[in-house]
Amino acid sequence: MYLRRIAYLVVLLLSFGSCSESGQKDFSPVPDLTYYFDRPADYWEEGLPIGNGRIGMMILGDPGKQRIPLNEDSFWSGEPRTWDNPDAPRWIDTIVHSLQRDDLIRADQLIRNMQGTFTESYAPLGDLWLDFLDSTEVTGYRRSINLRDGLVEIQFDRKGYHWTQQFAISFPDQVALINITTTDPEGIRFIASMTSQTPFRIRPENDRTLVMRCKAPYHAEPSYRGNMPDPVRFDDWGGKGMEAESWLTVLHGDAAFQDTALVVSGSNQVVLLFTAATSFNGPFKSPSSDGLNPADRAGQTIQSVSGMSYDQLWQRHLEDHHRLMDRVVLDLGSTAQSEKPIDVRLREYKAGAADPELVTLLFQFGRYLLIGSSRPGSQPANLQGIWNQELRPPWSSNYTTNINAEMNYWPAENTNLSKLTEPFIRMIREMETPGAKTARTNYHAEGWVAHHNSDIWRQTGPVGDYGKGDPVWANWNMGAGWLVSHLWEHYLFTRDEEFLRNTAYPLLSGALAFVVDILIRDGQGRWITRFGTSPENKFLWHDTATAVCMGPTMDMAITRELLDRTLLAASILNIEHPKEWEEIQAHLFPYQIGNHGELLEWSQPFPETDVHHRHISHLYGFYPGNQIDPLHTPELFAAVRKTLERRGDPSTGWSMGWKINCWARQKDGDHTLLLINNELNPVEPSVSGRYSYGPGGGVYHSLLDAHPPFQIDGNFGATAGIAEMLVQSHSGAVELLPALPSSWKEGSVRGLKARGAYTVDITWQGGMLADARIMAERDGFCRVRTWIPVQVDGVQVVTNPDEFPEDPVFHVPDVGDPVILAPDSLSVVEPNVGYLVGFPVRKGQTYHIHPQE
């Protein structure tokens, strides 16, 4: 160890005098990121979304009478409440004894007694209506979205004159901008009004400003509970439930209040501003009795921009949006398909038309949606981001923490949007206190816990209405363990040790404390969770479908990860930790490989009820975790591949997003692209009230993910997976082009992030690396893996990994040997180790990597 450090210092001194200067790069122009329809939306999912993290709009585009669905990210049903179940602990020993006696069906029934209330729902704010009082047929219609500018634009000709409507939502000024222009000499005239599905009142604030006040439900039942009495419940004004105000003002043009609407007119331009605010005052205060005044907040926002011109507001929005979107530029080439409407492009792509730019748009659309639904100070992106039109939206449009909430933030770090994780990290912090109460109340355990659902009130208890939920999802209790993995990833990508000490470590250790308290020893002395489920698949036990067993693979993967990362964090921070953690880590129940060569999903080789199930929870340790890779765990790596093959490719939209990442981690670019092509399957909206749980997912014509119904995590999963094809950094090095499809002969990407606080630019030609540049944000020692020999200009490289200095950022966990039930069924392929080089780096310097000459 001492000699390795001496060698490292020598290389460091030799190299620092000759590294290249930071930021001296020739960048290709930022490509156009626009696509369009040649018609208005036929349904809500064909709308084009805009948002600033807090306010959302869906632009549908009727040229005669436009309806614009509105959202505000804190407008939810409900109030702070109690969801814990004091009766739950008395069932624990009985459940464990049932499992130990192999009475798994009884355990599945008994565990329902530990359930609590369902979460609340994200609510639609209302609709803005622009009625132009003209049903004359239009020509040359075009409704486009410019992802780079954060702009939706509608253009058409009416009676020989050109009309343009532009929509954007500014984060710096917290207002939506609506700019309407025409060449018609008769000018512009329309009626602007607002309505809501919730109780609402309209008032004039002045002769240029229209205000709508809304009342959210004090309770909304999840839509999947079906028809039931009084599913959405409202109180009187001033009673239980959140209130909100929406303000619409005319910045440029004339206006007059008429009944409950504004009559707006102008010669050739009208500019409207919109904002909204709610009485939400944090997750632990009643929005009705202890809420903020939405009128004050919305009014102050409008007042703050009243002296600014449209051009000033637009420029401030554009600069802010470009700062985020332009951080990553992906170029996969383009064809003449890019000139066609997006719905035509999707249909023809499915039929085999070459359209590589469609993949680029899918990638950048995910980044655009995260920018639009998660900003510092906002709520985290929920199941639909911030765009929802239903009082009982699918799955309550809440935070589903057994995959979906986490998937929303998979692209945040590796696609250079790290600061957008602030709302998610804040939510995790806010869940700790109620999670500790749930742990004590429901389990008599230390630490903190979260289950499969949460909401704006930060629910941590198991849902199910005290026994009516299916344990396969309702009783899964490893949510805190998954959530805190994002804190560790944030540290790895930023190397922010202050964040690790003050935020990540306390939450990691608290999540681990709960898990340690729910472990027991099996008959061979191995530590295993005393009961759990594998979301959301079931197995057959004596021909009966059931879900509960000891130590499902996902439970053990999260346990293993928590132990590894919390111990590593304690070492980095020089914090003393409980000695039992290391003893438990050394004696955990192992991974198992089944009779088909697959990774077992449960602690026993139970047959799955659905081999093709959309969830792949037992692959958690492979992705998003880093416990399995071809170099360190080849048997498990092969078992993961077999599992993916057995599960199949077509599935729901979000499931294919997960599989895109898994196949990229398998270093199989062609299969990854096949999954992307499946994700780009054009989907028509489901019949109202019907959900699809099997094959048939994809995207709506707007590129919004289709479960179906709409669920935004599939967009984010696809974006993360496309980045994973180009740069990986989870298994001991920064890997360049680890999963490049054979059809992507030429291309480039700039601005992707790698663990270790590196920014990576890559160009490839002929399907191979042509040029790469890595910028270091911290001093350190970079490790790079490529698939052709390379050289690094200006530094002395080290090629023997034994001479690399230790670095926790590139730590690969030791998961031990798996138990292989049928060795002959396992096909292990010799891994391609590629070419590994290491070199010291200095903060702010850029390092040029290219093929050996």
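Guide: On a 1 Å grid over the protein atoms alone, a cavity is a set of points where a 1.4 Å probe fits but cannot get out. The structure holds 9 cavities of 30 Å³ or more. This is a predicted model, in which local features need pLDDT of at least 70 and side-chain atom pairs count only at pLDDT 80 or more, while totals for chains, interfaces and linings use all residues. Residues are numbered from 1 along each chain as its sequence is written, and side-chain values use heavy atoms, with hydrogens and water left out.

Visitor: How much space lies in the largest cavity, and which residues are closest to its centre?

Guide: The space in the largest cavity is about 270 Å³, where a volume is the space filled by probe spheres set on the grid points, and points are joined across faces, edges and corners. It is lined by 22 residues, and those closest to the centre are Tyr 409, Trp 410, His 486, Glu 489 and Arg 755. A lining residue has an atom within 4 Å of a point.

Visitor: Which helix gives the largest share of the lining of the largest cavity?

Guide: The largest share comes from H12, with 6 residues. H9, H10, helix H12 (479–494) and helix H14 (553–573) each supply at least two residues of this lining. Helices (H or I, at least four residues) and strands (E, at least two) are DSSP runs, numbered from the N terminus.

Visitor: What makes up the lining of the largest cavity by class?

Guide: The lining has 9 nonpolar, 6 polar and 7 charged residues. Ala, Val, Leu, Ile, Met, Phe, Trp, Tyr, Cys and Pro count as nonpolar, Asp, Glu, Lys and Arg as charged, and the others, Gly among them, as polar.

Visitor: How is the largest pocket lined?

Guide: A pocket is an open set of points with protein on both sides within 12 Å along at least five of seven lines. The largest pocket has a volume of about 740 Å³. Its lining consists of 39 residues, and Gln 666, Lys 667, Asp 668, Pro 738 and Asn 832 lie nearest the centre. H16 gives the most to this lining, with 6 residues, and the classes are 20 nonpolar, 10 polar and 9 charged.

Visitor: Why is Asn 402 called buried?

Guide: Buried means under 20% relative accessible area, exposed over 50%, and partly exposed in between (1.4 Å probe, protein chains only). Asn 402 has a relative accessible area of 0%, and therefore it is buried. Its place is in the loop between strand S20 (399–400) and helix H8 (404–407).

Visitor: Why does His 219 count as buried?

Guide: The relative accessibility of His 219 is 13%, and therefore this residue counts as buried. His 219 is found in strand S13 (residues 219–220). A polar contact of 2.7 Å joins its side chain to that of Glu 120.

Visitor: Why is the pair of Tyr 35 and Phe 365 called edge-to-face?

Guide: Rings of Phe, Tyr and Trp (its six-membered ring) pair if their centres lie within 6.5 Å; planes under 30 degrees apart count as stacked, over 60 as edge-to-face and the rest as tilted. The whole structure has 26 aromatic pairs. The ring centres of Tyr 35 and Phe 365 are 6.2 Å apart and the planes stand at 80°, so this pair is edge-to-face. The pair links distant parts of the chain, with Tyr 35 in strand S1 (residues 34–37) and Phe 365 in helix H7 (residues 356–373), 330 residues apart. Tyr 35 is buried at 1%, and Phe 365 is buried at 0%.

Visitor: What makes the aromatic pair of Tyr 409 and Phe 424 stacked?

Guide: The angle between the planes is 5°, and the distance is 4.5 Å centre to centre. Tyr 409 is buried, as is Phe 424.

Technical notes. A polar contact is a pair of N or O atoms within 3.5 Å; within protein, one must be able to donate a hydrogen and the other to accept it, and residues adjacent in sequence count only if both atoms are side-chain atoms.
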